[in-house]
Amino acid sequence: TEGSSSSEPSKSSTEGTASEGASSSSEGGASQGKSSKGSSPQSSSKPSKGSGEGESAAPAAPGTPIKLPPIKHVWLIALSGVSFSSAIAKSQTDPYLSKQLVSKGTLLDNYTLSAPSELANGIALLSGQGVNLDSEQNCPTYAEVSPPTINGKNGLAEGVGCVYPHEVQTLADELTAAGLTWKAYVQGMEAGVTSATGGATGASSGTSSATNANPPVGTTPTASIVTCRHPELGTADPNRAPLPGDPYITARNPFVYFHSLLDGGACASNDVEFSQLQGALATPANTPSLSWIVPSACEDGSSTPCAPGAPAGLAPADAFLKETVPQILAASAYRKEGLIVIVPDSPPPSSASGAAKPVGALLISPFVRGGAHMSETFNDFSLSKSLARLFGVLPLGHAGDPSTVSFGATVYRTTK
């Protein structure tokens, strides 16, 4: 994308590092440990077929050096307002997630969020930026970050507002600069937006009225296709909560908050309706390096119904996962070199301690152990750093902080 200026990553960003935090096996206690710097990375083992379910080998000790597995395709599924501890405790509500999927992958029990809101955590994961007063409130007004003060050393922006200047880069920008690909598949984006032919499809969003034949500023219509949906700059966001016939929530789509993606057309091309995911799974050549999947407010796990009388909570999220995840697991790109990450972008509303309380994250891959529980502490910056290293690009913002722990030998499989 225009304006991307990713420099070549250091050797340590492309070759694996050991996890730097606590021991992560559910079979033992947590013990602090540091990664051994300067150690020669070990070669990664070839994965067995499937997800690693039934893997009997014990996880490596903290500090064990590891060469990162050859994961080339990542599917990130962002749920909302949930935690894995509550999902497992209420397994009758979400049997597919809590019983089938958890047994296939590695559960990061102490994965926490850096902020209490969907937008702030999405921005943290995508760009390494910290929370500000507006992103903490899911950006009530779709406004530029002001003043656009950017730290030249770490790329962190200071100020209020939510739409970041062109100089602030994202993981998506880095992937493009590295010759890799990305897509965001956002469910409900086309709902409630007037089609290009002038027929209203529901309540309007970011338009002057439901009969306006133009989609929101920044979206790209082709027939009834809408992409990169967001309000007009400087206006109140009408999609902070689901509307009748329109479950789209702008704040759950972090890609629309960066000029680096908006201005050059990358967002318009790659931030698309969820229905396009199925075609992308047909062959590895069609499959993006990073697929960021956002269920609509009707199926994201939130406790707030998307419409009066509509089901809410983990049950509809479980149905979404049961429909979506098997398609990914069956894809050739996943079986050869894939990773699925299921992660909340906001904590449950009843969480007294807000973002500080662990919400958990689930990793499913041929390169992780099935049925494992890790007690090591990670957060959204850790995940951002881990994705950057898998793709061979530099971690951004707080993801690049020396104190940010990325996934290593305690998470990835080190034996056949």
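This is a predicted model: local features need pLDDT of at least 70, side-chain atom pairs count only at pLDDT 80 or more; totals for chains, interfaces and linings use all residues.
**View 1. Helix H3 meets helix H9.** Here you can follow H3 (residues 95–104) beside H9 (residues 314–330), with axes that come within 9 Å and cross at roughly 30 degrees. The two helices are therefore roughly parallel to each other. From H3, the residues Pro95, Tyr96, Leu97, Leu101 and Lys104 take part, and they meet Asp318, Leu321, Lys322, Val325, Pro326 and Leu329 in H9. This contact is made up of 8 nonpolar and 3 charged residues, with no polar ones.

**View 2. Inside the largest nonpolar core.** This core has 67 residues, and Tyr257 and Trp292 touch the most other members. Helix H11 (residues 380–391) gives the largest share, 5 residues. Look around Tyr257: beyond its neighbours within four places in sequence, its contacts include Leu119, Tyr142, Val163 and Asp237.

**View 3. A salt bridge between Arg229 and Asp246.** The closest N and O atoms of this pair are 2.7 Å apart. Arg229 sits in the loop between strands E6 and E7, while Asp246 belongs to the loop between E7 and helix H6. Are these two residues buried or exposed? Both are buried.

**View 4. Arg252 with two partners.** Arg252 forms a salt bridge with Asp300, at 3.5 Å between the closest N and O atoms, and another with Asp345, at 3.0 Å from N to O. Shared partners join Arg252, Asp300 and Asp345 into one network. Asp300 counts as buried, at 2% relative accessibility, and Arg252 is buried too, with a relative accessible area of 5%.

Key:
Residues are numbered from 1 along each chain as its sequence is written. Side-chain values use heavy atoms; hydrogens and water are left out. Axes are lines fitted to C-alpha atoms, for helices over the stretch in contact, and angles run from 0 to 180 degrees between N-to-C directions. Helices (H or I, at least four residues) and strands (E, at least two) are DSSP runs, numbered from the N terminus. Angles under 35 degrees count as roughly parallel, over 145 as roughly antiparallel, 65 to 115 as roughly perpendicular and the rest as oblique. Contact means heavy atoms within 4.5 Å. Ala, Val, Leu, Ile, Met, Phe, Trp, Tyr, Cys and Pro count as nonpolar, Asp, Glu, Lys and Arg as charged, and the others, Gly among them, as polar. A nonpolar core is a set of buried Ala, Val, Leu, Ile, Met, Phe, Trp, Tyr and Cys residues joined through side-chain atoms within 4.5 Å. Buried means under 20% relative accessible area, exposed over 50%, partly exposed in between (1.4 Å probe, protein chains only). A salt bridge is a side-chain nitrogen of Lys or Arg within 4 Å of a carboxyl oxygen of Asp or Glu.
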